[in-house]
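User: I have a model open and want a quick tour of its fold. Can you start with the strand pairing?

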Amino acid sequence: MFSDLAKARFSVRKFDGRRVPKKKLQKILEAGRVAPTAKNNQPQKVYVLESKEAIEKINSVCSCIYGASTVLVVCYDKNLIWHNSLDEKVNSGQIDTSIVLTHMMLAAQEEGVNSCWVCYFNPKEVSQALNLPDNVVPVSLMPLGFACEGVVPSPNHTSIRDAEETIIRM
Ligand SMILES: Cc1cc2nc3c(=O)[nH]c(=O)nc-3n(C[C@H](O)[C@H](O)[C@H](O)COP(=O)(O)O)c2cc1C
């Protein structure tokens with residue numbers, strides 16, 4: 001059931017280094033491919049890092065890879081994002097990529113694959129390390145794989161604000 005799946009997921013910060021098997025990875029990527037995006041523009045570019053060289057490069061610019069050997073780098077194409085003409089400050093790049101990554105994170109959970117959402121990196125450094133095109137903006141990374149034995153959820157996982165604080169009925 002979806003509610004069980006959503007509650008069972010937690011951030012893993014110690015991976016055993018095994019790559020995500022091909023079939024599982026395919027299902028995860030497919031869940032991202034069918035995610036909704038503003039005006040269905042599908043501006044996402046999902047880079048799948050698996051080679052030793054690519055994993056070394058991402059480790060050199062991000063301290064939150066946690067020993068994973070499969071890493072997704074979720075970006076948007078500046079030329080494909082939707083702009084809100086009623087609010088110039090808003091474009092869909094961050095929103096669209098976050099929906100895509102949420103789909104993939106939950107699909108991973110369904111496949112028994114652990115994950116951690118990561119934004120603690122300098123986008124310029126990531127672009128440079130991976131030689132991304134100028135029109136591509138990295139938003140989030142996601143190390144994927146299998147937790148080392150004994151890994152448990154961090155205290156943050158269960159620190160959930162009361163519904164009255166985050167759900168406002170009008
Ligand atoms: C937008 C976003 C950015 C995050 N960035 C990082 C990060 O850079 N490094 C990290 O270790 N965890 C990161 N996390 C994971 C959160 O700290 C984690 O989801 C939160 O504490 C709840 O814990 P849980 O995922 O175990 O339920 C991020 C999560 C989100 C949604």
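Analyst: Asparagine 114 has glycine 145 of E4 as its bridge partner. Strands (E, at least two residues) and helices (H or I, at least four) are DSSP runs, numbered from the N terminus. Two strands pair if DSSP finds at least two bridges between them.

User: What kind of model is this, and how are residues numbered?

Analyst: This is a predicted model: local features need pLDDT of at least 70, side-chain atom pairs count only at pLDDT 80 or more, and totals for chains, interfaces and linings use all residues. Residues are numbered from 1 along each chain as its sequence is written.

User: Back to the strands. What is the order in the sheet?

Analyst: The order is E1-E2-E4-E3, in an open sheet of four strands with antiparallel pairing. E1 and E3 are the edge strands, each pairing on one side only.

User: How many bridges join E2 and E4?

Analyst: Eight, in the antiparallel sense. Within that pairing, cysteine 75 has proline 138 of E4 as its bridge partner.

User: And E3 with E4?

Analyst: Two bridges, again antiparallel. Serine 115 stands opposite leucine 144 in E4.

User: Is E4 enclosed or open?

Analyst: Largely enclosed by the rest of the structure, because seven of its ten residues are buried. Buried means 20 or more other C-beta atoms within 10 Å of the residue's own; exposed means 12 or fewer, and partly exposed is in between, with C-beta atoms placed from the backbone.

User: What does methionine 142 touch?

Analyst: Leaving aside neighbours within four places in sequence, methionine 142 is in contact with Val71, Leu72, Val74, Leu101, Met104, Met105, Ser115, Cys116, Trp117 and Val118. Contact means that the two C-beta atoms, placed from the backbone, lie within 7 Å.

User: Which residues touch the most other members of the largest nonpolar core?

Analyst: Val71, Leu72, Val73, Val74, Met104 and Met142, out of 34 residues in that core. H2 (22–33), H3 (52–61), E2 (70–77), H4 (93–110), H5 (123–130) and E4 (136–145) each supply at least two of its residues. A nonpolar core is a set of buried Ala, Val, Leu, Ile, Met, Phe, Trp, Tyr and Cys residues joined through C-beta atoms within 7 Å.

User: Now H4. What span should its 18 residues have?

Analyst: At 1.5 Å a residue, 26 Å; the end C-alpha atoms of H4 are 26 Å apart, which agrees. The expected span is 1.5 Å times one less than the number of residues.

User: Which residues of H4 are buried?

Analyst: Gly93, Asp96, Thr97, Val100, Leu101, Met104, Met105, Ala107 and Ala108. Their cover includes H2, E1, E2, E3 and E4.

User: What comes just after H4?

Analyst: Glycine 112, with a positive phi of about 75°.

User: What about H2? Which residues are buried there?

Analyst: Leu25, Ile28 and Gly32. They cover an arc of only 60° around the axis, so they are on the same side of H2. The arc is that of the directions from the helix axis to the C-beta atoms.

User: What is on the other side of H2?

Analyst: Lys23, Gln26 and Glu30, which are exposed there. Back on the buried residues of H2, the cover includes E1, E2 and H4.

User: What does tyrosine 47 contact?

Analyst: Val73, Cys75 and Leu130, leaving aside neighbours within four places in sequence. The C-alpha atoms of tyrosine 47 and valine 73 are separated by 5.0 Å, though the two are 26 residues apart along the chain.
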